[in-house]
Amino acid sequence: MLKEFKEFALKGNMVDLAIGVIIGGAFGRLVESIVADLFMPIIGLLTGGIDFSNLYFQLSGAPAPTLTAAREAGATIAYGNFITLLINFLIIAWVLFMVVKAMNRFKKKEAAADPAPKKEEILLTEIRDLLAKR
């Protein structure tokens, strides 16, 4: 059973998957930093300094000045966090689209390169040409 598990765990697909998960996690943190540190300040500047993470509707309790206080007071809809996550998702989707587009362009160039004809094809072409001359 241990031998079977070792074979399963060391298969190429499992290792590729593990590497993909690790790179995906690092990529996710990178995109979160891009959103939080680059895009959100620019969006905040364009919208007059609005900090999306503190936008909320307080449904119950006394009005509170901060999101934390509003949550402690009662039911609160924190829609600002949703806006931030939506922007984060759109950026990730756009970056992945660009990566896939670049990969597809590379594959097309690879496929466009005409492979050298095989020996069989060369022989068949010569036979065809000889028969055409008769």
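This is a predicted model: local features need pLDDT of at least 70, side-chain atom pairs count only at pLDDT 80 or more; totals for chains, interfaces and linings use all residues.
## A positive patch

Let's begin with charge. Four residues, K101, R105, K108 and K109, come together on the surface as a patch of positive charge. One of them, K109, belongs to helix α4, which covers residues 79-112.

How accessible is K109? Its relative accessible area is 60%, and K109 therefore counts as exposed, since the cut-off for that class is over 50%.

## A nonpolar patch

Elsewhere there is a surface patch of another kind to explore. L2, F5, F8, M14, L17 and V21 make up a nonpolar patch of about 640 Å². Helices are the place to look for it: α1 (2-9) and α2 (12-46) are the elements that each give two or more residues to this patch.

L2 makes a handy example. This residue sits in helix α1, and its relative accessibility is 69%. L2 is therefore classed as exposed, because that value passes the cut-off of over 50%.

## Annotated transmembrane regions

Now for the record. An unreviewed UniProt entry lists residues 12-31, 38-57 and 77-100 under "transmembrane region". Such annotations may be inferred rather than shown by experiment.

What does the model give for two of these spans?

How values were computed
Residues are numbered from 1 along each chain as its sequence is written. Side-chain values use heavy atoms; hydrogens and water are left out. Patches are made of residues with over 30% relative accessible area and no salt bridge: like charges are joined within 9 Å, nonpolar side chains (Val, Leu, Ile, Met, Phe, Trp, Tyr) within 5 Å. Accessible areas come from the Shrake-Rupley method with a 1.4 Å probe; for residues, only the protein chains shown count as cover. A salt bridge is a side-chain nitrogen of Lys or Arg within 4 Å of a carboxyl oxygen of Asp or Glu. Lys and Arg count as positive and Asp and Glu as negative; His and the chain ends are not counted. The place of a charge is taken as NZ of Lys, CZ of Arg, CG of Asp or CD of Glu. Helices (H or I, at least four residues) and strands (E, at least two) are DSSP runs, numbered from the N terminus. Buried means under 20% relative accessible area, exposed over 50%, partly exposed in between (1.4 Å probe, protein chains only).
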